[in-house]
Amino acid sequence: MTVDPLTEIVTLLQPSASYSKLVEYAGRWRIHRNIEGKPVFFAVLEGECRVVSSGRPPIIVRKGDFVLSPSTCDHIVESIDAPPHGIAMMPTEVGEGRFRVGPPDGAVNLRMQIGLCSFASPDAALLVSLLPAMIVATGKPRLALLLQLVADETRHSRPGREVVLERLLEVLLIKVLRCGADVTSIPSLSRGLADDRLVAALRAMHARPAHGWTIAGLAAEAGMSRSAFFARFTRVVGHPPMEYLLAWRMALAKRLLRTREFAIEHIATQVGYGSGSTFSTAFARHVGMSPMRYAKAMSTR
């Protein structure tokens, strides 16, 4: 069975929806969103607007586009004919789950479904660093349907609501990452998986984390020389190959430790270490505490 690294990472992130709302925009407007550390997503249901993020070129999003920013929400959203710089507005609630920006009697020129989500994983920062800073998916009707289901669940307190939301968001994030474009072209796992050479090495690492991988072995999977593979992987993914592999092995080890179902020796074998002591030393160096102490700390949460 082919291993999908994106699916593994999104599952480990443990996403959940914390808020979703429908926002209507009228006239000339600008919104400055600065919700640090909160992943944001929005779907353009009607109209178009400009998204401006620090250090990145502005982008225009239109009806049918879906935008996901897993790592930061510090950006400006404004009308195409934007007001003068320095002028920003705040949404006004006009109904349950519905907000408006701009003059109350103005013609609506944009409708968006906007949501915030959170990642429950203790390794969220590490895992998010492997994803693009912003992804835009265009022309994907299934994303709109998934978003409608997310919005409906966030507004009602039904039995099993949290489980349903977690599963919906997992599917939503995976589909966005699969079909979206990284508009900033910064190094990320998504770019690595889109690389014809690197994808084979990435899939091999995720399929066999217990294997005794070396740069030479991974380069062979990619069909490249060691030096060319190392340089390309580091440039495209944003981490040197062995550093990426170590981070992934430690994320898997943490998940196994949190279950408290396996002995240290078993976990060591599962993540590519020949003995429990070697694994414990590597884990302590990477995490800052021993595997046993980590497992105990997680059990008290």
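A: We may begin with burial: a residue counts as buried when its relative accessible area is under 20%. D195 has a relative accessible area of 12% and is therefore buried. Please keep in mind throughout that this model is predicted.

Q: Where in the chain is D195 found?

A: D195 belongs to the loop that joins α5 (189–193) to α6 (198–207).

Q: Which backbone nitrogens lie close to polar atoms of the D195 side chain, and at what distances?

A: The backbone nitrogen of R197 is 2.9 Å from a polar atom of that side chain. For the backbone nitrogen of L198, the corresponding distance is 3.1 Å.

Q: Which residues does D195 touch, leaving aside those up to four places away in sequence?

A: With those set aside, D195 touches R232 and V236.

Q: How many salt bridges does the structure hold?

A: The structure holds ten salt bridges. One of them joins R30 to E78, whose closest N and O atoms are 2.8 Å apart. Because R30 lies in strand β2 (residues 30–33) and E78 in strand β6 (residues 75–78), the pair ties together parts that are 48 residues apart in sequence.

Q: Are R30 and E78 buried or exposed?

A: R30 counts as buried at 6% relative accessibility, and E78 is buried as well, at 8%.

Q: What is the case for the salt bridge between R62 and E48?

A: The side chains of R62 and E48 meet at 2.9 Å, N to O. R62 lies in strand β4 (residues 59–62) and E48 in strand β3 (residues 40–53), so the pair ties together parts that are 14 residues apart in sequence. R62 is partly exposed at 44% relative accessibility, and E48 is partly exposed at 33%.

Q: Which residues are linked in a network of salt bridges?

A: The network links E24, E46, R98, R100 and R111.

Q: How does one read the sides of a helix?

A: An α-helix has 3.6 residues a turn, so residues three or four places apart point the same way. The buried residues of α11 are G276, F279, A282 and F283. They cover an arc of only 130 degrees around the axis, which puts them on the same side of α11.

Q: What do the buried residues of α11 pack against, and which exposed residues does the face turned away from them carry?

A: The buried residues pack against α9 (241–259), α10 (264–270) and α12 (291–299). The face turned away from the buried side carries the exposed residues S277 and R285.

Q: What follows α11?

A: The residue after α11 is G288, which has a positive phi, near 100 degrees.

Q: How many helices and strands does the chain have, and how much of the chain is buried?

A: The protein chain has twelve helices and eleven strands. Of its 301 residues, 47% count as buried.

Notes: Residues numbered from 1 in each chain as written. Predicted model: local features only at pLDDT ≥ 70, side-chain atom pairs only at ≥ 80, totals over all residues. Heavy atoms only, no water. Helix = DSSP H or I, 4+ residues; strand = E, 2+ residues; numbered from the N terminus. Buried < 20%, exposed > 50% of the residue type's maximum accessible area, 1.4 Å probe, protein only. Polar contact = N/O pair within 3.5 Å; in protein donor to acceptor, adjacent residues only side chain to side chain. Contact = heavy atoms within 4.5 Å. Salt bridge = Lys/Arg side-chain N within 4 Å of Asp/Glu carboxyl O. Arc of directions from axis to C-beta.
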